[in-house]
Structure formats: structure tokens, C-alpha cells
Amino acid sequence: MEDIDLNLLVALDVLLAEGSVTEAAKRLGLSPSAMSRTLSRLRAVTGDPLLVRAGRSLVPTRFAEILRDRVHAVTLDARAILRPAAGELDVTTLDATFSIRVSEAFLELLSAPLVAAITEAAPRVRIRFVLKRDKEPHMLREGLIDLEIGVLGVPAPELRTRLLLRDRLVGVAREGHPLLTGGAVTAKRYAACSHIAASRKGEFAETIDEALERKSLKREIRVVVPGFPDAMRIAASTDFIAAVPLSCLGRSKLNEPVGEFGIRSFELPFETPEILIAVIWHPRVDADPAHRWLRNIITRVCRAAYL
């Protein structure tokens, strides 16, 4: 197979994924000029330009679009085939990069203890956190990330899951807020406040609105933010209140001040659905010793934080 260079296949996969010579060079640890020469070789081998100029960007040709999924699948298969046979894993010498997709709240609350635990056990392992923008499973399916931490119930039956913790919504308001100083927090008094909603998609409605509707109540949402930490920060300096997962309180207890935010938590005066947080991965890495070790250490850190 002297006429086949599998390194070109890897380079083509990254080029088609990034759509940029510069970004592809960064991912492969090459200089932009070396990556440009590789693209020239790929053009000569395939007989197609592959990536062409469109203003300041590069866009794939029709032929490149047809190749993209096939090239990615073959590259993943090649990596799996050429990976050393599974043996006793020595994490102290493990040299690997893991990409983990998480929410902003997880990144703020648990990324530090997770990185500390991983670094202590495996000092050569690198972690890449990717912010979750949606619940679509394509990043796991395509091997763009190694695992995801999120709400149980992803729309992909082949994905594997492990429950990390059970969570629920609680209310937060600034210290001295009239809701917390004017008697018991009832559903009616709660609904009468101005509210902050946390939604990645910018939606105003939440499960809380369904709970209030069952009591013939309606609230006014004045602000929508992408994540729960943003909601907590705004609640700390305004008369708006928010509902966040109990896990966002960290080590703070319910009905007590919450860390450095300057807010106090309280029990919601109605029931909301339980939130099940899980680690999620694709079957292709289920038996991989390094991936199994990563899943186990994430489970240990998360459960230690909230159990």
C-alpha cells in the first residue's frame, strides 16, 4: 500500500470539519504552511479542489460534501482498528485529550473539582470543555466529543447513560427581598413577583409556568438569560426572582445565603418535575478502558459534591 497515505485521510477529515486551513493546522499540530501543502496534495490525489474561496472563507465543493461523512466514518474506524489492544490501564501515564460537553452551570460549579481529580490521577490527560448549545446527539454520534453531561432523556436510543444525580428546582432571590420577608412564600405571592427565566433557546415558558397554570396563576417573566448562573447574578442585584436547580447552590443549604452571589434560596410553593442528570456517551467508546476510567471519575466527583 505504498501509494496510500492514511495521514492524508486524517488531514482531509479535519479540513472538511473545520473548513479552514488555519484551524485544521491547529487541531493537527501543524503550521499553516504545512497544512496548505497537505491540502495541495489532497487536491492532486482526489482531482478536486475540495475547498474553494467564498469571500474570506473556504467552502467545500460538491464532491467534498459527498465525501465528508464517509471520510469521517473511515477515519474513526481506522483509529479504532489501530488503537493498542485493551490491557491494564495505567492512568498515570495516560496521554489523551477528552472533550466533554457540559452546561454553563456545570462548568462554573464542578469543572474545578473534576479537573483537580483528573489531574491528580492522570497528570498527562487534557480536558476540553465544550458548552452545550442544544440537546442534539450529533456531536456524540460523529465523535466530536467523548461524552456529555446533561439531563437524562436524549433523543437517541443507541446512546449509553449513567445517572449522576437527582436534582430539582428551587427559588432564589436577593437578601431582604419582600417575598422572603413578608410571610410565608405562597404560590400567589410567588407568581406576583417579576421573574427571570433561564433558557438556551431564549424561551419564556418553563415547567414552572405549567405548575402555576394548574393553580390558575400566571407570572410575568421580565428577563430571559442563557444559563442559571446568569439568572442568579441578576437576582442578586434586582427584585427579580429565579428558579434554578438545587445543585446550583453548591454546598449552600436551602433557605440559607448562597455562596458569593448575595442571594438566598427558598422552597418553591408547588411541585415541579425531578431533574435527572446523567453522563452520556456513544457505544463506540463503551469498552474503551480510558473512557471507562473517565466516566467513573466523573461519577465519583459529581456524587461526592451533592450526596
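Reply: A residue counts as buried when its relative accessible area is under 20%, as exposed when it is over 50%, and as partly exposed in between (1.4 Å probe, protein chains only). The model is predicted, so local features need pLDDT of at least 70 and side-chain atom pairs count only at pLDDT 80 or more, while totals for chains, interfaces and linings use all residues. Residues are numbered from 1 along each chain as its sequence is written, and side-chain values use heavy atoms, with hydrogens and water left out.

Of the 307 residues in the protein, 41% are buried. The protein has 11 helices and 13 strands, which are DSSP runs numbered from the N terminus (helices: H or I, at least four residues; strands: E, at least two).

Residues 4–61 carry the UniProt annotation "domain: HTH lysR-type", from an unreviewed entry; such annotations may be inferred rather than shown by experiment. This span is 62% helix and 14% strand, and its end C-alpha atoms lie 23 Å apart.

Helix H1 comprises residues 6–18 and helix H2 residues 21–28; their axes come within 8 Å and cross at roughly 130°. The axes are lines fitted to C-alpha atoms over the stretch in contact, and angles run from 0 to 180 degrees between N-to-C directions. H1 is therefore oblique to H2, the class left after roughly parallel (under 35 degrees), roughly antiparallel (over 145) and roughly perpendicular (65 to 115). The crossing of H1 and H2 is right-handed, meaning that the near helix is turned clockwise from the far one by less than a right angle.

On the H1 side, Val-10, Ala-11, Val-14, Leu-15, Ala-17 and Glu-18 make the contact, that is, heavy atoms within 4.5 Å. Their partners on H2 are Val-21, Glu-23, Ala-24, Arg-27 and Leu-28. By class, eight of these residues are nonpolar, none is polar and three are charged.

Thr-75, in helix H4 (residues 62–82), touches Leu-9, Val-10 and Asp-13, leaving aside its neighbours within four places in sequence. Thr-75 is buried because its relative accessible area is 2%.

Further along the annotated span, Leu-50 lies in the loop between helix H3 (32–46) and strand E1 (51–54). Leu-50 has a positive phi of about 70° although it is not a glycine, and Leu-50 is buried at 1% relative accessible area. For contrast, Ser-216 also has a positive phi, near 60°, but counts as exposed at 69% relative accessibility.

Key: Nonpolar A, V, L, I, M, F, W, Y, C, P; charged D, E, K, R; others polar.
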